[in-house]
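Subject: Structure handover

Hello,

The structure is placed below for your files. Notes on its pockets and on one helix pair follow.

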Amino acid sequence: MAMLEVKNLNVYYGLIHAIRDVSFEVEQGEVVALIGANGAGKTTTLHTVTGLLPAKSGQVIFEGNDITKKPGHEIVRLGMSHVPEGRRVFAELSVYENLKMGAYTRPKAEIAESLAGVYKRFPRLEERKNQFAGTLSGGEQQMLAMGRALMSRPKILLLDEPSMGLSPLFVSEIFKIIEEVSAAGTTVLLVEQNAKKALSIADRAYVLETGKVVKSGEAKLLLDDDSIKQAYLGE
């Protein structure tokens, strides 16, 4: 049984049919990428999986439990954490306060240990722990958003466009951290417009076009797929 199963998901924005019978699964320990152009439905899919948007029909199954109608805060408690597109840090709170917000589901006795783990993975956050989050660079805010999500000790981490708006140096750093998080045992579902980067670290991938899954397979095979190269890899 897969850790996460999405079955025939349909989502609407008013009369607009944004997600059309989308199905995919993520096995424990995998990095799975959802790739596609702007407007393909990648973010909408993540928002529906994590309880931020209602599904019109279909199911989201997490560790054998149907979570389709559960609210977001309950889904976090089950072990799913979402790093949103655009980072969405609390700009007027300090780095430390942002990280503590990510641990609201954890027993107080465990927060210090979680914090030490995040600071070890992101030394820059410890250096800037008393700084307002809004004064950090884009790359540092992305690290903070990821660190905040990891404070809940998720079983699965959902990342939405982690490379967006970052310099090439920070993009490489962020993807290296995603690989480290995966190697440490956290399952990853990655939404990313930088298809080449996503496919280079993923085990498997699904391609979304206008709200539908149009192709799926092993990431390394998709990297060599001519139609993927032309559409998403600029080759």
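Which helix gives the largest share of the lining of the second largest pocket? Helix α4 (residues 108-121) does, with 5 residues. (Helices are DSSP runs of H or I with at least four residues, strands are runs of E with at least two, and both are numbered from the N terminus.)

This is a predicted model, in which local features need pLDDT of at least 70 and side-chain atom pairs count only at pLDDT 80 or more, while totals for chains, interfaces and linings use all residues. Residues are numbered from 1 along each chain as its sequence is written, and side-chain values use heavy atoms, without hydrogens and water.

Pockets. A pocket is an open set of points on a 1 Å grid over the protein atoms alone, where a 1.4 Å probe fits, with protein on both sides within 12 Å along at least five of seven lines; lining residues have an atom within 4 Å of a point. Volume is the space filled by probe spheres set on the points, which are joined across faces, edges and corners.

The second largest pocket holds about 250 Å³. Its lining includes Glu 113, Arg 121, Leu 150 and Val 181. By class, this lining has 5 nonpolar, 4 polar and 3 charged residues (nonpolar: Ala, Val, Leu, Ile, Met, Phe, Trp, Tyr, Cys and Pro; charged: Asp, Glu, Lys and Arg; polar: the others, Gly among them).

The largest pocket has a volume of about 490 Å³ and 20 lining residues, with Val 76, Ser 81, His 82, Pro 84 and Arg 148 nearest its centre. At least two lining residues come from each of α2 (72-78), β6 (80-83) and α6 (138-150). The lining comprises 11 nonpolar, 7 polar and 2 charged residues.

Helix pair. The axes of α6 and helix α7 (residues 168-183) come within 10 Å and cross at roughly 15 degrees (axes are lines fitted to C-alpha atoms over the stretch in contact, with angles from 0 to 180 degrees between N-to-C directions). The two helices are therefore roughly parallel (an angle under 35 degrees).

Regards

Terms used. Parallel < 35°, antiparallel > 145°, perpendicular 65-115°, else oblique.
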